[in-house]
Each structure stands twice: as structure tokens, then as C-alpha cells.
Amino acid sequence: MNTPKALAPESLYTHCDPAQFGFETTAELGGGGIIGQERAMEALQFGVGIRREGYNLFVLGPPGIGKYSVVRQYLEHAAGTAPAPPDWCYLHNFEQPDRPCAVRLPTGRGQALRRDMERLVDDLRNAIPVSFETEEYHTHVQEIEEALKDQREHALAELTAETESRGIALIRTPGGYAFAPVRGGEVIKPDDYEQLPDEEKQRIEASVEELQGKLANILRQTPKWQRESRDRIKALDREVALFAVGHLIEEVKKKYQDIAAITAYLDAVQNDVVEHLPEFRGQDETPNILGIALTEKPSFRRYQVNLLIDHGRSQGVPVVYEDTPLYQNLVGRVEHLTHMGALVTDFMLIKPGALHRANGGYLILDAKKLLTEPFAWEGLKRALYAREVRIQSLGQIYSYVSTVYLEPEAIPIDLKVVLLGDRFLYYLLQAYDPDFIELFKVTAEFEDRVERTPDNDRLYAGLLAVLTQREDLYPLDSAAVARVIEHGSRQAEDAERLAVHLSSTMDLLRESDYWARQAGRVVITRTDVQHAIDMQVRRVDRIRGQVQEGILRNLVLIDTAGARIGQVNALSVIDLGNFSFAQPTRITANARMGEGEIIDIEREVELGGSIHSKGVMILTSMLAARYAQDRPLSLTASLAFEQSYGLIEGDSASVAEFCALISALAAVPIDQRLAVTGSVNQHGQVQAIGGVNHKIEGFFDICRARGLDGGHGVIIPAANVVHLMLREDVIEAVRAGRFKIYPVESVDEAITLLTGVPAGIRDAQGEYPNGSVNQRVEDRLRDFAELRHEFAKPVPDGHENDDTPA
Amino acid sequence: MTTRPHELIFRRILLPLDSGAADSTDLDAAIRLAARLQAEVVGIFIEDVDLMRLAALPFAREMAPLSASARRIDAADMARALRARAGVLRARLQERALQARVSWSFHIVQGELLAEQLGEAVASDLIILDIGARRASMSRATDQVTRHFFSQGACTVWLRRALAEDERPIIALLDDISSGQRVLAVACQFARRDGKQLLVMIAADDAIEFARRAHDIGELLTADGMEAECRPLTRSAASDLIQDVTEARGKLLVIARDSPLASGAGYQRLLEDLPCEIVLAG
């Protein structure tokens, strides 16, 4: 086994060559395409193309990578070529006013219908009163009223004649009518009546009774005659009104004869107009108290058209993004007005939701917003399953508010819903909502990283050109573009990949533009980009400064010189959300005879995460496999992250932990000028970890502050070399030989580097070379095992076992 | 020409009210006219002795129009009903008069309807009688009163009936030279009151006489700020007059009390068949 060589400076950073672009500035470039999202675009194309139920799309990817822009751009392109969908309106339902009718109209005819109905109502309001002001009409009404009077008077006259013939008079009293015998034109006096013969009195009383019966018949007939008279007037009104309005309505009907729903509606309008003539004639009296109307004044609103969706001026099918996907913003709502303290509504107060507006096209929604709005997700699913939108307020569904509600007729929908969300939400929905699988069958997954190839570099330059033009920023020169690409690589934590996080790239461009303007330039240069990056870091690295200050003031003990047994510098990353950095952490190990137990102190106090615990268990297993195959692992060791007071997660310190333990067992000191990172498997192979650049830079900063002597460096997994995109100052130090970065593939290489003593490889007899670290470890463990064996022997009778082996 | 239109003033308008008064149209008409002329409205409620006699009869029953059922009544019931009725009418008159700022008074008297009305009419300039009520309610007493006033009354009598408000004209019938001026003056007052067109029917032997009389009338009216259409009245029977008024769609016919057309059996024809209100100018 050879000692691993330190990496050359060229391996620490993969530059982007500005010469490859062939332009001076991005102003020379046209629109750039979409980078590295072939899979997502294919899915999008498929999802948009397939017109089957449930083939809605879920576009997933990390926030800020430009999902919305790409999807919107694609959908608008697809939408522009299709014919605009039909208009929709709500009309008054004359049979069931609480259930307004939804009517579909050919594209662009909604506006015309609305205007035609307004004009029709105006015409009716003019024509109807005129028709009823004619002499002919009044004469007819007079005739009917006279006929009623005649009918009653004739009956009463007959009765009066009969009454008078019997010497009796019909007299009007305060409460009605009465019959009384008369003498000489006057009602007979009671005394005179008493003087009459009994026969005469009987005759009079019998006559009165009979006449009362006849009068009662006439009075009973009166309401019937009045009703008949009213009916005749009503029929006359109807006849007059039909003559006045018929041709007006017929004109409109002719215009809409191709739409059966409208012609039927106009028939209903005609009937309603005839039924409500007093409103048109201005005869409708509104009851009021102190001048405040108790009911609404005669309203012609019911003849209006609530043009819910008007595509008269639309080009192509709609692409709608609902930024606030509240339940009512999706399915629409019925608004209310207050009248005399009560809430009232009608079909004109129905407002469309996003599902109405996007009907026939595409609706884009943010999945997180949708899921966090109460009832919105359920409302959307209900609409997609039913393929119709039914406007029901939550108050109506759950009877929250006691007021008048409408139940508008549902409107059929045919649209694609595109949900935008991150992977976590996607898999959460997949796992917990069976409806999601049924309704969102197409997944378009956006990559957050693309391969860094010359072609992609050029595409990325094109994208930068588009973004600067869209935001009216200065163009970038080719070197600035190269720096942005390199920064993208650093963000991707991979020298061979490029992060396509549109949001942060946009921020970098804006800030670079700012610094270019501050410097009086009209083109963004590499210097401006670098300055923008530096200032971004500067604005947020206060905590990093404090952490490093703690180490440099020896408040946190980190040795960067000398050698120590059982002590190693590990590296851990602190993620602050918008900023990450790494700090060195001291790991220490102690070992003594025991029962094969390695105590992870972090785990014991529940400060170690499950992945970290897994790493410790792996190294325990590896320890037994390497050094104690033919005897018990008679060791008790403890590992601790010194001065660590937070949760430790991840296995990237398992190589460091193993090295600290080996150092303690072999009693070989570890060079404190080095730090190590990497995870280890049971065979001792070192595996890749995350945050390698931060980790190297974190240790570099401390060492540089204390003074680099050429022995400082970081041991990293060999697999991480491709991820290196280090800061320029680190590379300079490496180039000057003052700092080193060692890639290792096995823990033996790491041990060799850290101790300066070969780890040792078993020879043909299975023995480690004398003096090697491994041989020392094996010997120590053998000693522990034998010691333990001695302790395990039974004590002879009469002797007490003491603590000292024989 | 002794009476010019603007010289005619009704100071006291008598409004007889009895238990049979069905609605407030007479009252409203009286108030409106009084407001225009700054006259006083005198409401008189007559407790007809015939009603008290009727109620005292052992078999007295009252038929309620709304239920067509008969109920027993006695003198006390009738007295209470009449008092209640009078109270309602007084309150109504008061309310309307106050609204229109018209002087008013209200009296309750007990006695014979005809005698009491005639008595009150002596001191009045105009008496309002409802001939619509006469026809509709079969009030025997009202019929008697109307007939009497038609033939013997002294003051001007307005025989009202409920008619729809429209643009129909006021018609003045000038068939006698001596009473013509007063008829014209009364007609002018009503035309002014309602803002209606005035139509004057002039009895003349020939076209020349008609033209002369029409000219005189035109001058008289013009001086008073009025306009009128004049038509010749060539026929002299009540039935012809009814036909002419019907054709002219008259709202109200003003006719001299001593007009030959309203004498004898003519008044009965006019009362029965004329489809408008009548004012007998006294």
C-alpha cells in the first residue's frame, strides 16, 4: 500500500473556459432553451397531449429551479394554437330562482347576448307602458269593470225589486246589509211592528229570512265575479303585453335560434314579463318604513346576463395560474349584499373560480399552497372527479351562516390541472392520498442539476442572456458567464454538474448588475460576479465568523499542530438555510479491556442521529472483522465529539472515529495538522460524503489563521475528488505547497497519512508487518482478550479471585 | 254674462257621511277641491233613525258582505257601530285635512238622512253626494237624497262616482242662456282643479248662433286664462246628451239644475246611464 499523494491544484477546481463561447457579451445571444430538462419536457408534452381523464400533471422539483416559468412558457405555446373555448353565462331560472341556469355559448357571443338582453329590457320598459296607455285598453278595462258592476247590481236590483214588492227595504248598515219592513218610505217603528197581526209578522219575518238567503247567495257570488273580472283583465293585459313584447323578443330569438338553451330562456323571459307587467308599468308598490324599502324595488336584474366566462378576445385556450388557491377562488363563489341587515343574493352575484377561467385550457397551481388552504384540495379533486364545477360555499356546505343560498347549475369542465411542488409533497401525496394517483397520472420531474458539458455551458449562456434581457440587466461578458457557470457547479457540489436553480441564479445576476453599475460599467464582468458572490457570503457569514473566533481563541479546542493519541480532527457542516459552512470538530477515543462494546457517547445521550449510530456500529463490526476474527473482541471503547452540544447526524465522521479508535488502541499519535472526513463500510473502504468543499475550506480557514506550515491538509474520500470546486485562496495555498488535500480509498490510507506510520497489510501468513499500526492494534486486542480470558477462569476452592491476574 | 269663472267661490263644501260610505274617495275629492279654493270642508255624519229602528226590530239581522253570514243585532250594537264608524270617518277627515292644510269640521247628528242633509245644505255652497255608492251599496236613503237634490236642491251638487284617473275632459252643458254663466264658472273650477281639458257643449238653433256663443265663451275664458273646445248640441233629449257625453269620454258633466235635460224623467236617465260624474250647478 502506497501512501496517497496530495491532489494537484488543477484537481481542485474545474474552470469554465470563456473562449468556448465565441461571444463578447450575452447581448449578442438570442433566446436560450431549457437546459437539461429533457425528461420533464417529454412528460409535459405527453401530459398536455393526452386528453384522457386523470392525466393531470404534477411537476416536481426543488423550489426556485424555474418550474413555473418553464411550464407556463410551454403551456402558453401549446395553448396559442388551439381555438378558444366557449363562453359561459349564468341566467335566471324562472322556475327555480335559487338554481340559476348555466348556459354555454359559442366563443365571443356572451357579450352580444348580454348587450341584447340589456337592450331588450330597455325596449320592454318603453313599449309596455305605452301599450297600456292606449284608449282602447282603458275602454276594455272599463267594460270589464262595468260588467262586474252590472252583474252585481243586476243581482241586487232584482233582489231589491223583490224586496220592495214585499214591503221590505234593503238597508246598508255599518257592518253590511239588513232587511226591514217599511211603511211610507220609512222603516217601521218597533212599536208599530208589535201592533201588527201575528200572521203579518210571521210573513214579514219569513220574507226577511228568505231574502237574507238570497242576499247571502249574491254576496257569495261576488268574490267569484270579482275573480272572473280580474282574470279577464289579466287575460287582456296578457294579450296587450304579448302584442307589445312578442316581436321584440322574437327578434332576439331569431338571433340566437342556433342555441336551444337561449331560445328556451327567451320563452321563459316572455312568460315572466307577462306575469310581472305591473313592474314594467311602474305600478309595483314597494312597502317601506320611513322611506326605507322593506323589499327591493322592482328589479329587472333577473333579465340580465351574468357573463361568467368571456373568451371573446381570447387567443387560444386559457392558461391560468391561481396564486391564492382558496377553496372559493378555485370553484367560484356566490357573493351576498346586505339589505335591511340581512344577506341577500341573486344569480348576478355568482363569481367564477380558477376552474371556470381555465376551463378548456390549463390551470397551474402551487401544490403546497393548495394543500395548506382548507378544503381547496378536496374541492379540486371533487371537480376533477365529477368533471364539473359546482359552486357551493363552505358556509352552505357546513351551514356556518344562516342566509339565502343559491345552488347554481354545475358547469362541465375539461381542463388540465398542473400542480407544481417539491418531491417531498409529491411522495407524501403518493403515499397518503389514493385520489392523487388517480387524478395526477403524469409526473414531470425537473432536474436541479445538469451535466456540465460544453453544450450545456453554451445553453446556460443563452439562458443567462434571456434572464438579463427579461429583467433589463446589463449583459455579461464571456468571463462573467464562465464564473456564473463555475458558481453553478459549486452550488451543485459537483465539478461535473451544474445547478439549474433559476431563482438563485437570478439573484446573482441582479446583484452582479448592481455591482457593475456601482463600478460604472455597462457590462457585467467576472469581477462583478465574484464580488456579488463574496458579498452574498459576507452578508450571512456572521455565525461562521463567531465559530471560527471561538476556535482561534481556544474556547473550542481544536489542535492544528502536534500529534495526539486517540484524537482526530473531523469536519462537520452547519446548514443555516441560505448559507452553509463547515467547522473542525475534535473526536476523541479511549480503549480498555471489555466485552466488545464501543460506546458512542453521542448516542448514549441521545445527541446522535440514527445514521451516525449506524456509522459507529459499522466501524465496530469492521474492527472485530479486521482484528479479532479468532478471539473475542475484548474491548470497551468510547467515542466522543468534544464540545459538541447539538445533534450529530450523518456518517461522514466514521473514518475519523475509526482512526481515533485505532490511534488509541495502537497508542500511535495522530498528526493534528490534518483533518479527515469520509464514511467507512465494513470492509474499510472510504465512501463519498457531502459538503466536501465546505469542509476543506472550514479547516483551511482555521489553519491559515494560525499559520500554514505545509503540513496542514484534509483527507477526503477519493470519490469526492470530482466534487471539488474550492475557493481560489485554498487553491493558491495548495499551489504554494502550504496546504494539501489527500484523497483516500481505504481507512488504512487514512491511518497511514494521519499517523505517519504504515497501516500495514497482512502477509501470506496473515500477519501484519511488525511496527505497523494494524499489528499494534491486533496485539493490543490480543492482550485484552487474554486478560479477559484469565479473568474468566474459575477460582479454586478456598481462594478468592482478586483483581490482579496471575 | 254676470258670473265670471274666477268669481265663483265655494266657501263651504258639505260632505255628508253615513254608515254606508265605503271608501275615502269622496273625502279626498272634497279635500282636493277645498285646498284649491281655500274652502272649508264640513263633514256631517248622520245617524239614520231608520237604522236604529231596524236594529230594534225583533228579527233584525245584519248580513256581513265578506262572510255572507247573518248575525243578530240590537239597538245597542247599532249605536256602537255607528259611533265607531263616525270615529273612523272623523279621524280620516282630520288626517287628510291637516295634510292639505284645509279648514274642516265634523258633526254627528241623528235623524232622518234627507232632512238633515237638506238642512245642512242650506248653509253650504257645494254638497258632494256619491252616486256610485247609491248604485253599489243599494243605500235606500242615499238614493232618496240624490233624487231629491236632483230635483229640488238649492246649492251646487256634485254627484260623484269612483272613476279611474285619466285624461278625460270636463264637459259644460250650456243649454240655457240664463244659467250658462254659472255652469261655465263651475266647469272652469273643476277643470282647473284637475288640470283637465274643458269641452263646452252649446245648445244653439243654428250655426250662426253657435258661432256667436262660442266666440263669447272663448273671449270670456281667454280673459280668465282658460281654453275650451266648443261643440254644438243639436239634440235635446237626455238620451242624446248621454250619447254625446259618452262619445266625448267626459269625466264630469256640469249641467244647470234647471236644465230641461235634467227635468222630469231625464234626471233618472242621467243618473242611471251617464258614465261620468255630474255637477248640478245651482
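Analyst: Let's start with a definition: a residue is buried if its relative accessible area is under 20%, exposed if that area is over 50%, and partly exposed in between, using a 1.4 Å probe and the protein chains only. This is a predicted model, where local features need pLDDT of at least 70, side-chain atom pairs count only at pLDDT 80 or more, and totals for chains, interfaces and linings use all residues. Residues are numbered from 1 along each chain as its sequence is written, chains are lettered from A and ligands numbered from 1 in the order in which they are written, and side-chain values use heavy atoms, with hydrogens and water left out.

Now for the rings. A pair of aromatic rings is described by the distance of the centres and the angle of the planes. Rings of Phe, Tyr and Trp (for Trp, the six-membered ring) pair if their centres lie within 6.5 Å; planes under 30 degrees apart are stacked, over 60 edge-to-face, and the rest tilted. That rule gives 22 aromatic pairs over all chains. One of them is A:W377 with A:F440, a stacked pair with 5.9 Å from centre to centre and 25° between the planes. This pair ties together distant parts of the chain: A:W377 belongs to helix α12 (residues 376-386) of chain A, A:F440 lies in the loop between α15 (434-439) and β19 (442-445), and 63 residues separate them. Helices here are DSSP runs (H or I, at least four residues), as are strands (E, at least two), numbered from the N terminus.

Over in chain B, B:W158 and B:F190 make an edge-to-face pair, 4.7 Å centre to centre with 80° between the planes. Here, too, distant parts of the chain are linked: B:W158 sits in strand β7 (residues 156-160), B:F190 in helix α7 (residues 177-194), 32 residues apart. B:W158 is buried because its relative accessible area is 0%, and B:F190 counts as buried because its relative accessibility is 0%.

What about the chain around that second pair? Chain B has ten helices and twelve strands, and 56% of its 282 residues count as buried. If contact means heavy atoms within 4.5 Å, then 78% of the contacts in chain B with a separation of 6 or more are between residues 24 or more positions apart.

The rule asks for NZ of Lys or CZ of Arg within 6 Å of the ring centre and within 35 degrees of the ring normal. The charged end of A:R172 sits over the ring of A:Y177, 5.4 Å from its centre, while A:R517 lies over the face of A:Y474 at 3.8 Å from the ring centre.

Finally, here is where the chains meet. There, 30 residues of chain B are in contact with 39 residues of chain A. One salt bridge crosses this interface, a salt bridge being a side-chain nitrogen of Lys or Arg within 4 Å of a carboxyl oxygen of Asp or Glu. The partners are A:E186 and B:R53, whose closest N and O atoms are 3.4 Å apart.
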